[in-house]
Amino acid sequence: KENTKNVFQKISLPDKEFLHREVKVESTDIDYSNHLNNISYIRYFLNCFPSSFLKHLPYKDIEINYIKEAKEGANCEISYLKNEKELFFLLKDKEEVLTRAKITLS
C-alpha cells in the first residue's frame, strides 16, 4: 500500500487544479495534548465538499499522514483535489505542510 507522501510526490499537477479553503483551528477542535483532534482533521477535509456530494460518498479507504501538529488558533489552508477514484488533501499552516490525506473511492 502506497502512503500519501509518495502519492503526492508522484502527482505533478499545477496549483490551479487544486481548490483551496481556509480554516481556523478552534479550541473545540483541540485534544488533551493541545493539538488538533484526529476526527477534526477528517471533518475539516470533508467540509470542503457540499453535503449533496458527501451523502453518497462511496469511500473505500481513508489514509492520513500526520507530519506536524496543527495548534489552536492557527489559520490553515486546505488544498484539495478530486479525481474519479480519489480525494487528495493537504493541510498547511503558512507554507508548511502539516498533514496529507487521501480518500480512496470505491
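Helices (H or I, at least four residues) and strands (E, at least two) are DSSP runs numbered from the N terminus.

I noted the ground rules: this is a predicted model, local features need pLDDT of at least 70, side-chain atom pairs count only at pLDDT 80 or more, and totals for chains, interfaces and linings use all residues. Numbering runs from 1 along each chain as its sequence is written, and side-chain values use heavy atoms, without hydrogens and water.

Next I searched for aromatic pairs and got 5. Rings of Phe, Tyr and Trp (its six-membered ring) pair if their centres lie within 6.5 Å; planes under 30 degrees apart are stacked, over 60 edge-to-face, the rest tilted. Tyr-41 and Tyr-66 sit edge-to-face, at 5.1 Å and 70 degrees. They are 25 residues apart, in helix α2 and strand β2 (residues 59-66). I checked burial (under 20% relative accessible area is buried, over 50% exposed, partly exposed in between; 1.4 Å probe, protein chains only). Tyr-41 is buried at 3%; Tyr-66 is partly exposed at 41%.

Phe-49 and Tyr-80 are also edge-to-face, at 5.3 Å and 75 degrees. Both are buried. Phe-45, Phe-49, Phe-53, Tyr-80 and Phe-89 form one aromatic cluster.
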